[in-house]
2 protein chains.
Amino acid sequence: MPDTLSRTFSALADPTRRAMLARLSKGKANVSDLAKPFLKEMSLPAVTKHLKVLEKAGLITKTREAQWRPCELNGRGLKHAADWMEHYRQFWEESFDRLEAYLKTVTAKQKAQGKKSGRHA
Amino acid sequence: MPDTLSRTFSALADPTRRAMLARLSKGKANVSDLAKPFLKEMSLPAVTKHLKVLEKAGLITKTREAQWRPCELNGRGLKHAADWMEHYRQFWEESFDRLEAYLKTVTAKQKAQGKKSGRHA
């Protein structure tokens, strides 16, 4: 059985499942409402399979409201993955710093060359 | 072919690959050094396959230093996924706020009950 983090990342590795999470980020929804936008490209069982993957990964939960069982986004399921990511933040910030530094050098060189050619004219 | 985000999350959905990224977060390493801790549980081709998944997902890059080709963590590859996550931050923060509020209520009730039973004693 995969570990929790692997299950989370695996659940996120699909555009349909991410679209379902995006829908749920706007509020609770029941399965038929969630399924609607996808039924042109896939069957209802395929949709419910995706929902089960999200549920097993702890990314959504089925709540209970009278006889209605809407799905709800479970933010805590994402937190673990986000915490893992956070550890690597310095690396993308560093790489953008390097890019910025490089662009500054290029711009400075271009300015210097512009001045030079201006002097020669 | 999967989209970039799906490829990133899919690459992260494996403990060996995450361990490789953790190793690279400490500095560049060549393939044989990276492979070493895993060779007890898997073959060298299995290790290089994992590295290829990470490389295709843009999470590591092979640099060139003389005749040496060390692997390096590519933070920018993670940024896209982290940005996606960031959109959901409010949800885990909310769920912790809810938990905190619940715990406060429980503690307050317990205190009130403690006082009550104190009065009765």
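Which residue forms a salt bridge with A:D3, and how far apart are the closest N and O atoms? Select B:R18: its salt bridge with A:D3 has the closest N and O atoms 2.6 Å apart. A salt bridge here is a side-chain nitrogen of Lys or Arg within 4 Å of a carboxyl oxygen of Asp or Glu.

Before you click on, some ground rules. This is a predicted model, where local features need pLDDT of at least 70 and side-chain atom pairs count only at pLDDT 80 or more, while totals for chains, interfaces and linings use all residues. Residues are numbered from 1 along each chain as its sequence is written, chains are lettered from A and ligands numbered from 1 in the order in which they are written, and side-chain values use heavy atoms, with hydrogens and water left out.

**Stop 1**

B:R18 sits in helix 2 of chain B and A:D3 in the segment before helix 1 of chain A, so the pair joins two chains. Helices (H or I, at least four residues) and strands (E, at least two) are DSSP runs, numbered from the N terminus. B:R18 is buried at 8% relative accessible area, whereas A:D3 is partly exposed at 30%. Buried means under 20% relative accessible area, exposed over 50%, and partly exposed in between (1.4 Å probe, protein chains only).

Now pick A:R18 and B:D3: their side chains also meet in a salt bridge, at 2.6 Å from N to O. Across the interface of chain B and chain A, the rule finds two salt bridges.

**Stop 2: the interface**

Color by chain and show both sides. Chain B puts 31 residues into the contact, and chain A puts in 31 residues; contact means heavy atoms within 4.5 Å. About 2,800 Å² is buried between chain B and chain A, with carbon and sulfur atoms giving 71%. That buried area is the accessible area (1.4 Å probe) that two parts lose on being put together, summed over both.

On the side of chain B that touches chain A, helix 1 (4-12), helix 2 (15-24), helix 5 (75-86) and helix 6 (89-120) of chain B each supply at least two residues. Helix 5 of chain B gives the largest share of that side, nine residues.

**Stop 3: helices 1 and 2 of chain B**

Select helix 1 of chain B, where B:L5, B:S6, B:T8, B:F9, B:A11 and B:L12 are buried. What do they pack against? Those buried residues pack against helix 1 (4-12), helix 2 and helix 5 of chain A, together with helix 2, helix 4 (44-56) and helix 5 of chain B.

Move to helix 2 of chain B: its buried residues are B:T16, B:R17, B:R18, B:M20, B:L21 and B:L24. At the start of this helix, a side-chain oxygen of B:D14 reaches to within 2.9 Å of the backbone nitrogen of B:T16.

**Stop 4: chain A on its own**

Chain A has six helices and two strands, in the order α-α-α-α-β-β-α-α along the sequence. Of its 121 residues, 36% are buried.

Zoom in on A:N74, in the loop between strand 2 (71-73) and helix 5 (75-86) of chain A. Its side chain reaches the backbone oxygen of A:G58 at 3.0 Å. Leaving out residues up to four places away in sequence, A:N74 touches A:G58, A:L59, A:I60 and A:T61.

**Stop 5: salt bridges along helices**

Next, A:K79 and A:D83, whose side chains meet in a salt bridge (2.9 Å, N to O). They are four residues apart in helix 5 of chain A, about one helical turn. A:K79 is partly exposed at 23%, as is A:D83 at 40%.

Bring chain B back and find B:R89, which forms a salt bridge with B:E93, the closest N and O atoms being 3.3 Å apart. Both lie in helix 6 of chain B, four residues apart, about one turn of the helix. Over in chain A, salt bridges that share partners join A:E86, A:R89 and A:E93 into one network. Over all chains, the count comes to 10 salt bridges.

Notes
Polar contact = N/O pair within 3.5 Å; in protein donor to acceptor, adjacent residues only side chain to side chain.
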